Amino acid sequence: MSNIVRIILSSLLLIGTVVLFWFGHWGLGILGILLTILAWVTVFFNENMLLAQWFLRKENMPKAEAWLKRITNYEKQLISAQYGYYHMLLGIIESQRAPLQSEKFFKKALTLGLHMDHNVALAKLSLAGVAMAKRNKREAEKLLAEAKKADKNKLLADQIKMMKDQMSMMDKQQFRYSR
């Protein structure tokens, strides 16, 4: 459903709630307030995105993907602040199936904009993993440094350290096979 339709329906619910209070129907008015709040929340946070994030936290990738596929035209159904997060969720799901194919989603998420630093760090860490899989060490190091810089709360410190350790193992393997 388009955001304009959501705003119109939410406004009508608000007007209906005020009318219920005006005529003294307090019980229905309180129920109307709850429904109005829920309707306004879906204007700013798409319910498909919320459910997809819920299933991602529960590590149920097929259901998360099904909820994301319900968003047919993200430019009409989401607000512009959610475009990057939509592509990041698609990238996370795609990285479970085909890690090298997820690169385009993470790059698009970064270009569209992610507002939270730890999400930027996660996207750059994922891109560093793709660069390592492609044996592009220089780009992987650059992306890891950017991810470490963006991870101000040290939420991904263990993953960044693990990725650096894997890169050093990659150097040892290349050295061993080059002899």
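## What counts as a helix

A helix here is a DSSP run of H or I with at least four residues, and helices are numbered from the N terminus. Keep that in mind as you explore this structure, which is a predicted model.

## The annotated transmembrane regions

Let's start with a record. An unreviewed UniProt entry carries the annotation "transmembrane region" for residues 7-24 and residues 30-51. In the model, residues 7-24 are 89% helix and 0% strand, and the C-alpha atoms at the two ends lie 26 Å apart. For residues 30-51, the chain is 91% helix and 0% strand, with 26 Å between the end C-alpha atoms.

## Where H3 meets H6

Two packed helices are described by the angle between their axes and the distance between the axes. The crossing of H3 with H6 is left-handed.

Which residues of H3 and H6 meet? From H3 come Met49, Gln53 and Leu56, and from H6 come Tyr85, Tyr86, Leu89, Ile92 and Ile93. Sorted by type, the residues of this contact are 7 nonpolar, 1 polar and no charged.

## The largest pocket

Rolling a probe the size of a water molecule over the atoms shows where empty space is left. The largest pocket has a volume of about 470 Å³. It is lined by 18 residues, and those closest to its centre are Ser95, Leu125, Ser126, Gly129 and Met163.

Which helices each supply at least two residues of this lining? They are H6, helix H8 (117-133) and helix H10 (157-177). H8 gives the largest share of the lining, 7 residues. By type, the lining of the largest pocket holds 11 nonpolar residues, 7 polar ones and no charged ones.

## The second largest pocket

The second largest pocket holds about 350 Å³ of space. H3 and H6 each supply at least two residues of its lining, and H6 gives the most, with 5 residues.

Methods
Residues numbered from 1 in each chain as written. Predicted model: local features only at pLDDT ≥ 70, side-chain atom pairs only at ≥ 80, totals over all residues. Heavy atoms only, no water. Left-handed = near helix turned anticlockwise from the far one by under 90°. Contact = heavy atoms within 4.5 Å. Nonpolar A, V, L, I, M, F, W, Y, C, P; charged D, E, K, R; others polar. UniProt positions renumbered as here; feature names shortened; annotations may be inferred. 1 Å grid on protein atoms, 1.4 Å probe; cavity = no way out; pocket = protein on both sides within 12 Å on 5 of 7 lines; lining within 4 Å. Points joined across faces, edges and corners; volume = space filled by probe spheres on them.
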